[in-house]
Amino acid sequence: MNGYNGKFLVLDMSKKEASEFTYPEEWQRTFIGGRGFAVKILWDNVPPGTDPYSEDNWLVFSIGPLSGLSLPSSSKMIVAAKSPLTGGYGDGNLGTRASPQLKKAGYDGIIVKGKAESPTYVVIENDKVEFHDAKDIWGKGTYDTEKYLIEKYGKKAGFLSIGQAGENLVRYATVRSQEGRSGGRPGMGAVMGSKMLKSIVVKGTGKFPQAEPKEALKLGSEGYNMVKNAPNYDHWMGQGTTMILDFLQESSTLPVRNFSAGTYELAAKVDGSELERTKIEQIGCPRCNMQCGIVIKDAEGNNSELDYENIGMLGPNIGIGDLPRVGVLNYMADDYGLDTISTGSVLGMAAEASENGVLGETYSWGDFEKSKDLITRIATRADNIGSLLAEGTMRMAQKWGGDASKWAINVKGLEASAYNAATVPGMALSFGTSPIGAHHKDAWVIQWEIQFSERDAYTPDKAEKVIELQRIRGGMFESLVTCRFPWIELGYDLEAYPKFLEKVTGRSGWNLDEVFEVADRIYALIRAYWVREFVAEGKVWSRKMDYPAERWFVDGLKDGGKYTGGHLEYDKYDELLNSYYGFRNWDLRGIPKEEEFKRLGLEHEAEQLSNLVDLE
Ligand code: PTT
Ligand code: SF4
């Protein structure tokens, strides 16, 4: 099909050899690209039960048919692998110049396998691939690393790099690009580090494969115009994602002091208006005219790019109500290549452990200097405490025992993003059933739930809504691969995307229903992947894997206005989960039924799974 290069570049780090992987053409219809290709490649090629840090784990960078083209906010890329944080499928969505460069170099993605003996970086220039000694940048942060690479390869190249956190196998290390973007929350940066791969540089000079380039360009420029003229455009450009903070404060759903409370007394000091007031610059991904990276001068004079999640987790969640200070912690996380969400959650849990005499040292809410100290000790695994915190909240709870499970705000091991779901059951379901653990990206249902549904209810319409959003956000956007913000934030029409697909691939008949069927296929295969890995490792898979954080059930919410004392209820949540499984045609363990695998054309995968677990 047009719109694709039909192959991935394979980097064998053990042999320092490059080769090509040509995938079956039918995948372009059945999986579209991005996340769909990534999970299929991992399912087929990474043996069940593989240690995420072993040379047998594959790290997959994957773009889609629309990535990098001249249409709204298209320079995105999936980075995926078996996750060292959760043990299941992990991925992230990275904004990067490497996306268009890779397509122009002639590939739909990069597979990294094996393990180099010494630090290495790889330069891809069309079909020329070179493995270089990375001794000059190993041990450096992502800012200096990118600076070094820009000096050598120029500003127009695409860069994918890790910082010290990835090198030191911090389980929530990310991959970074273009000084501001960060992707792969469930430890994709650590998988890259385990392969001794510091950076990938990509340069391409070919053409974008497209069936009707002029038509696609015309549709794209209409899209850019629509975005620019959207009623909310100016507000968005002023505050970006942080404009949501006021709504979360008003609805008592902010993450405050390790998610124990829902409102923050210093919210006005870290909200969207404050960010807008102190903004010095606005940055973003290539090919985007609604750039969301809002930069401030942090308390130590660095330029720090802030989004809502970074602020929520490194601000209210650890009791820091000062934006320039939040900026410092955010800058450190970006430089070390640590996920800000998990870092904020780990610090919140550490502060609570300290309060309860479990941490072994003093760390109080709002202690800025100690937060900095801990972030450095985490990224470098400097000592026992730094190293334990580098393992993430699930393993911290296992180590400490007792009440600590309540302080660990995660699902399946991935720390929850910055929404306190104690009094919003639909958002709790979204975290519970997200395909990578507690990330909001697949179904950010919270605003709909509070504004348009009965907030306290556990009714089936919430399960339906979560699935609707998962199909659009987690299925469609993650396989196309483009940014979802033009649609979600500025109302760009979803129907535009099948039209783009037609013009780019040359295949007529694309429609949203077909794309959503692809989404269901991707979800079923990701779920099969989780179950397969759990069973192969001798762990128990059960519906409890889809439970949100324990705290939201057992502790009443503090400082939540009329929601104070509120919490989730196990029996009602179970009913909601049953509705979700019912709509998905999954059984009561949360495993797709055999007939559902069949409907989606995944008979072979179902047969493989049935060797490990009985299917209904
Ligand atoms: C994303 C997660 C998010 S979601 C944020 S802020 W957000 C945090 N950003 C981090 C960061 O910055 N530095 C850092 N060291 N760690 C960070 N961790 C957190 O990572 C992201 C944007 C955002 S900003 C969002 S919602 C949207 N996400 C999209 C998505 O998932 N899919 C898609 N098709 N389009 C999306 N558009 C928006 O992209 P992860 P990014 Mg990130 C600095 O990667 O692993 O998915 O985690 O990707 O390129 O930075 O863009 O309020
Ligand atoms: Fe990147 Fe933000 Fe633009 Fe999306 S809206 S493409 S995340 S700059």
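1. How much space lies in the largest cavity? About 50 Å³. The model is predicted, and the points below should be read with that in mind. The structure holds one cavity of 30 Å³ or more.

2. The lining of the largest cavity can be checked residue by residue. Lys412, Thr433, Ser434, Pro435, Tyr523, Ile526, Arg527, Trp530 and Trp586 line the space. By class, five of these residues are nonpolar, two are polar and two are charged. Helix H23, residues 512–536, gives the most to this lining, with four residues.

3. Next, the domains. The domain assignment gives domain 1 as 7–203 and domain 2 as 233–412. Their C-alpha centres lie 26 Å apart. In the contact between them, 33 residues of domain 1 meet 32 residues of domain 2.

4. The size of an interface is often given as the accessible area lost when the parts come together. Here domain 1 and domain 2 bury about 2,600 Å² between them. Carbon and sulfur atoms carry 48% of that area. On the domain 1 side, Tyr143, Tyr172 and Arg181 deserve a look: they supply 28% of the area that domain 1 buries against domain 2, more than any other three residues.

5. Where does the second largest pocket lie? Domain 1 (7–203) and domain 2 (233–412) both give residues to its lining, so the pocket lies between them. About 510 Å³ of space lies in this pocket. It is lined by 22 residues, and those closest to its centre are Gln178, Glu179, Gly180, Glu281 and Ile283.

6. Which elements each supply at least two residues of the lining of the second largest pocket? Helix H4 (142–153), strand S13 (279–283) and strand S15 (303–306) do. The classes in this lining are eight nonpolar, seven polar and seven charged residues.

7. The magnesium atom of ligand 1 has a single donor from the protein. That donor is the O atom of Ser182, 2.5 Å away. Ser182 sits in strand S11, which covers residues 181–183.

8. One is helix H23, with its four residues in the lining of the largest cavity. Another is the second largest pocket, around Gln178, Glu179, Gly180, Glu281 and Ile283.

How values were computed:
Residues are numbered from 1 along each chain as its sequence is written. Chains are lettered from A and ligands numbered from 1 in the order in which they are written. This is a predicted model: local features need pLDDT of at least 70, side-chain atom pairs count only at pLDDT 80 or more; totals for chains, interfaces and linings use all residues. Side-chain values use heavy atoms; hydrogens and water are left out. On a 1 Å grid over the protein atoms alone, a cavity is a set of points where a 1.4 Å probe fits but cannot get out, and a pocket is an open set with protein on both sides within 12 Å along at least five of seven lines; lining residues have an atom within 4 Å of a point. Grid points are joined across faces, edges and corners, and a volume is the space filled by probe spheres set on the points. Ala, Val, Leu, Ile, Met, Phe, Trp, Tyr, Cys and Pro count as nonpolar, Asp, Glu, Lys and Arg as charged, and the others, Gly among them, as polar. Donors are N, O and S atoms within 2.8 Å of the metal (3.2 Å for Na, K and Ca); water is not among the atoms, so sites may look incomplete. Domain bounds come from an automatic or database domain assignment. Contact means heavy atoms within 4.5 Å. Buried area is the accessible area (1.4 Å probe) that two parts lose on being put together, summed over both.
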